[in-house]
Amino acid sequence: MRWQRDLASWAVMLPGLVLFAFFIWQPLLEAIRLSLYEANGTRVVRFVGLDNYRFVLTQPDFWPAVGNTFLYLLWSLIIGFLLPIVMAIFIHESTRGKSLYRTAVYLPNIVPSLATVFLWRYIFKSDAYGGMNMLLGMLGVAPQNWLNDAGRVIPLIVVTMTWKGAGATSLLYLAGLQGISPELYEAAVIDGANVRQRIFHVALPQLYNLARTLLILQVIAVFQILYEPLVMTNGGPNNASVSLMQLVFRYAFEKFDYSRASAISVLISIVLITLTLVYNKVNREQDM
Amino acid sequence: MKKLVAVLLVIMLSLTAFSALGETVLKLGIYPEDVDTAALEAHEFFLAEFAKALPDVTVEKAHYKYAVDTFVAMAEAGTVPTIFETWFTEPQKLIRGGFVADITDELNELGWTDKMNPTIRSLLSDANGRIYGVPRDGYALGLMINAEVFEDAGLVDADGLPLYPKTWDELAQTAVKIKEATGSAGLVLLAKDNAGGWHFSNIAWNFGATLESQDETGKWHANLNSPEAVAAMQYVKDLKWKYDVLTADPTSEDWGTGFTQLGTGAAAMYIAANDAVSQPTTNNGLPVDKLMMAGLPAGPGGQYSLFGGTPYMFAANATPEAIKAALKYLETMGKAPVLSDPAKAGLVADAKARQTNGTPVINEFPSWTDADLIAARQAVVAEYSNVDTRMFQNYFDTVAKEGNLRMEEPVNAQDLYAELTKVLQAVVTDQNADVQALMDTANTNLQQILDDTVNK
């Protein structure tokens, strides 16, 4: 009987569905509802329509945070998007020590996130005892401003994120590379292709779909950047590194204003959903 | 065997349920952490005294260190302890959110309302004058000094006491001498979070600024770009670029790291309050007799000290009985305007705990105006004193001056501090920062926030 078979499948899915509903969907809907209400804590007081949205949009920190968030995105694509691909190809093409490299690139990823951030905060400290400045000091160079420089702070935070995340991503690409049929390589070699040609005409085209997916995942992840700037700079200097999620954090945990925190969260989701839809549409058109 | 266990369980459960009926449970969030042995000893004594007074009340030791990321969840779940200690920044926010209990009736019944320092009472009340907390103690900002660093720099008088600065100009000069002689920073300036703006608002007052004002229509105005406020910010900028006497990176300094810098001698001076004397000493290793406190230096606009109180507050769902029990416990601790025998013993226990911990035993700010209590506390402080009182003389003399104590700016104080902190970050990281332009922007921003909130 069909329904019996269906029932079994539903039963298998049930725990997952319940957990999802409880931990993901319900809070998601609750956040949307909360963003339309005035609230004490999470107890709604009255419906205010879009007032919370109007409020957060006119606050002085909002637009700097929007600008910064897109800057994080831009820098993360510049610094962090190609690097894992390069690393993966390098490991794939190396003839010795492959497993050593594989382990090595993944190591930063097992360092707890906060430890990573503290480590790099120390490296990029702007006084004479910061890691970079001590190295420069050995070369006789005066201490530089690192995280304290409004123009450098975002790329430096992105370097931190890349150091932590690139290894894991490169393993995904490596898996993609190893999934390429050896026959393609053999054919290329027989036709006299060198390493460069193998990379550009065999490996990269095969990675294209994977890269496309990872790109949008990276966009979504970086857009929600929170704890790196929160811990490294607290959004400073003078808002130079404040992110949208940090505003959410401030509304929720510094002001206990969950309605406005929800309003910004909903705005972030709208931006991300829009970006994803546009990206998918462009991709589909390219594929046609 | 199984059956027997089951029967026993049922009996035990029903007994618990029965005893829970009508019983007052006091969840004591102010009970110390397990590691703080000296404080624990004092609280065990308080508990014993408390049990004599209210034997029917069940006390749960529920140490809770207030934290903004746990509080709302606990409040919504109804698990906030009956009484907890919070920060001076929090009362109005907690009152507005309905997270804390109105204790006006309980205070009136005990006759404590009129004995509460009126300034502190207003900090703990809503617009209708209902009261939601009691002060643990009052505080006023002053200048904390690491006497060891001053000694190393040779900045001591004939009696060996540090030559503390009396004006902001002198502070800069003193700081330069310290940096030259010892290599330690002269002053810890905070620029990481809102505490930076909080300290700066006090500097600005002494330069003659008033940062917020209300016109006759009731509208609030931001006043961050007045010549006085700009001069104060310029002074801070000079501390960094002209005198170069700050710690290496003010944007990484917050309330806690400031005490570390001061306590370890990496810096000589720090703006801090009398209720935090355990921070440089007990927590960061400065010998108890090497901490000095002076009044905050005077500036061209006068001499003011920012004044407030650290409150105890009560869970919104606490019963009147539980609140009364909590207030009784405070009485036992000597934190109430009642000088009972347990309270006297409590004062002694507290002073002894401070002695053991190497925390200066100094006078508190009178947050209650009960003369007997104040006299008794002074007597205990005199008896158990572990410091040279001359080291704290200028601080207490300064704050006792008429008109020296000043409440923080009245509306959206945290937003004000946030705007000022951004400017601080800009001026200590950029030598070419345009102070006037930055203060203009901060002023526009704060005005926007005021217009969107209190002026609406």
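Tutor: We shall take overall dimensions, domains, a helix pair and a chain contact in turn. Please keep in mind throughout that this is a predicted model.

Student: What does the secondary structure of chain B come to, and what box do its C-alpha atoms fill?

Tutor: Chain B contains 18 helices and 11 strands. Along the principal axes, its C-alpha atoms occupy a box of roughly 80 × 55 × 50 Å.

Student: How does the radius of gyration of chain B stand against that of a compact globule?

Tutor: One sets the value beside the expectation for the chain length. A compact globule with 456 residues would have a radius of gyration near 23 Å, and chain B, at 24 Å, therefore agrees with that expectation.

Student: Which domains does the assignment give for chain B?

Tutor: Domain 1 comprises 24-139 + 308-384, and domain 2 comprises 141-307 + 395-452. Their centres, taken over C-alpha atoms, are separated by 29 Å.

Student: How many residues of the two domains of chain B are in contact, and which strands supply the side of domain 1?

Tutor: In chain B, 14 residues of domain 1 are in contact with 15 residues of domain 2. On the domain 1 side, strand E4 (133-146) and strand E10 (305-314) of chain B each supply at least two residues. E4(B) gives the most, with three residues. By class, this side of domain 1 has four nonpolar, nine polar and one charged residues.

Student: Which residues of H4(A) and H8(A) meet?

Tutor: Among them, A:Leu83, A:Ile85, A:Met87 and A:Ile89 belong to H4(A), while A:Ala166, A:Tyr173, A:Leu174 and A:Leu177 belong to H8(A). By class, the contact of these helices has 11 nonpolar, four polar and no charged residues.

Student: Finally, how many residues does the contact between the chains take from each?

Tutor: It takes 23 residues from chain A and 22 residues from chain B. On the chain A side, helix H2 (51-58) and helix H12 (244-254) are the elements that give two or more residues. By class, that side has six nonpolar, 12 polar and five charged residues.

Key:
Residues numbered from 1 in each chain as written. Chains lettered and ligands numbered in written order. Predicted model: local features only at pLDDT ≥ 70, side-chain atom pairs only at ≥ 80, totals over all residues. Contact = placed C-beta atoms within 7 Å. Helix = DSSP H or I, 4+ residues; strand = E, 2+ residues; numbered from the N terminus. Nonpolar A, V, L, I, M, F, W, Y, C, P; charged D, E, K, R; others polar. Domains from an automatic or database assignment. Rg over C-alpha atoms; globule rule 2.2 N^0.38 Å.
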